[in-house]
Amino acid sequence: MDFTFTEEQQAAAEAARGVFADVAPDGVPSPALTRGPVADDLDRALWAKLAGADLLSLLLDEEFGGAGLDAVALCLVLRESARALARVPLLESSAAAAAVQAYGGPELRSALLARAGRGEVVLTVAAHGRTGHDAAELAVTARRDGEVWVLDGVQTAVPWAYEADLVVVPARTGDDHGVLALVPRGHAGTALAEQVSTTGERLGELRLEAARIPARDVITTDGAWDWLRGLLATGTCALALGLGERVLRMTSDYTGKREQFGHPIATFQAVAVQAADRYIDLRAMEVTLWQAAWRIASGAPGALPAAGDIAVAKIWASEGVRRIVQTAQHLHGGFGADVDYPLHRYHAWAKHLELSLGPAAAHEEALGDLLAAHPLA
């Protein structure tokens with residue numbers, strides 16, 4: 001299988017590297033990292049730069065001002081954003097817009113997509129955290145009432161809930177059919193309660209009580225939520241990969257300079273073996289990520305549905321990013337716990353990504369169910 005990136009995909013990654021090159025972790029100068037939770041707003045200046053570099057419209061077709069690229073290109077850009085802990089809803093907004101393009105009606109697409117690609121409208125997804133990993137029944141119900149849909153229920157840990165203009169809310173109907181409703185922030189029948197993640201990120205508990213959403217703003221196509229959830233999960237794996245690569249580079253630089261007994265500690269066998277193990281984790285995270293992203297992008301047939309590749313990517317990302325930051329803190333010694341040093345911010349983000357992806361054991365069980373349903377020849 002050829003995993004060579006196309007010229008367009010490489011150009012997107014290069015543009016992202018340029019945009020994120022001067023971004024400090026979490027978008028704030030390092031001295032501010034000592035003062036508890038970081039700023040609760042998204043980095044508007046960085047968001048504007050992303051729009052100017054056409055990185056918010058990667059997945060949109062040319063008719064909406066986009067580049068017409070795919071999930072692989074988006075994951076390349078997300079990988080770069082995670083290295084800087086960029087505080088922007090690049091994953092959520094891009095994935096939501098892509099779902100509208102793939103499954104929304106003509107009126108909704110024409111009203112929303114070009115503006116989203118220019119960064120004028122910020123989208124997020126109410127998905128039990130960043131990825132919607134919980135496959136249990138959807139917490140929000142929806143029923144049709146003439147030309148509107150009525151939504152009731154609660155979604156917790158909604159990222160960017162206080163900054164997004166529209167929240168994509170997955171909901172179930174009485175016959176267990178899934179829909180996606182685009183709910184404006186502050187819409188009648190909705191309320192937000194503040195929550196805080198392990199990163200200090202401001203999340204929201206979204207409550208809907210008889211919230212009436214016009215039918216044109218509700219996507220009723222079968223499979224829309226499963227597709228969106230798969231893209232969110234794969235994008236989160238890309239964030240974990242970028243973060244892990246940055247942390248291992250920090251560890252390599254530190255152990256190469258830190259001396260004990262007159263020698264850099266990187267020359268000690270125990271240190272080298274631990275770093276090598278984490279490098280193997282990164283390569284496994286990378287290859288499973290591109291497999292999942294490629295399956296989403298191409299819709300390629302296989303013995304297993306794309307959900308199988310996504311499950312494998314989530315297993316490696318969830319376990320791998322945890323092991324990488326734990327080893328990094330161990331090899332950094334006291335610096336690993338020093339809040340004047342940025343490693344602790346990467347550790348907090350890694351924990352948040354791990355929790356967003358969900359436990360590896362659950363994905364292993366889901367993969368087993370898929371293998372049982374689709375036996376390999």
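Helix 4 and helix 5 run roughly antiparallel to each other, a label given to angles over 145 degrees. Helices here are DSSP runs of H or I with at least four residues, numbered from the N terminus. The model is a predicted one, in which local features need pLDDT of at least 70 and side-chain atom pairs count only at pLDDT 80 or more, while totals for chains, interfaces and linings use all residues. Residues are numbered from 1 along each chain as its sequence is written, and side-chain values use heavy atoms, leaving out hydrogens and water.

Helix 4 (residues 90-103) packs on helix 5 (residues 106-117) at an angle of about 155 degrees, and their axes are 9 Å apart. Axes are lines fitted to C-alpha atoms over the stretch in contact, and angles run from 0 to 180 degrees between N-to-C directions. Where do the two helices meet? A97, V100 and Q101 of helix 4 touch L108, R109, L112 and L113 of helix 5, contact meaning heavy atoms within 4.5 Å. These residues comprise five nonpolar, one polar and one charged.

Just after helix 8, G333 has a positive phi of about 60 degrees.

Across the whole structure, four aromatic pairs are found, with ring centres within 6.5 Å. In one of them, Y254 and F335 have ring centres 5.6 Å apart and planes at 65 degrees, so the pair is edge-to-face, the term for planes over 60 degrees apart. This pair links Y254 in helix 6 (residues 224-257) with F335 in the loop between helix 8 and helix 9 (343-357), 81 residues apart.

Key
Parallel < 35°, antiparallel > 145°, perpendicular 65-115°, else oblique. Nonpolar A, V, L, I, M, F, W, Y, C, P; charged D, E, K, R; others polar. Phe/Tyr/Trp six-rings, centres within 6.5 Å; stacked < 30°, edge-to-face > 60°.
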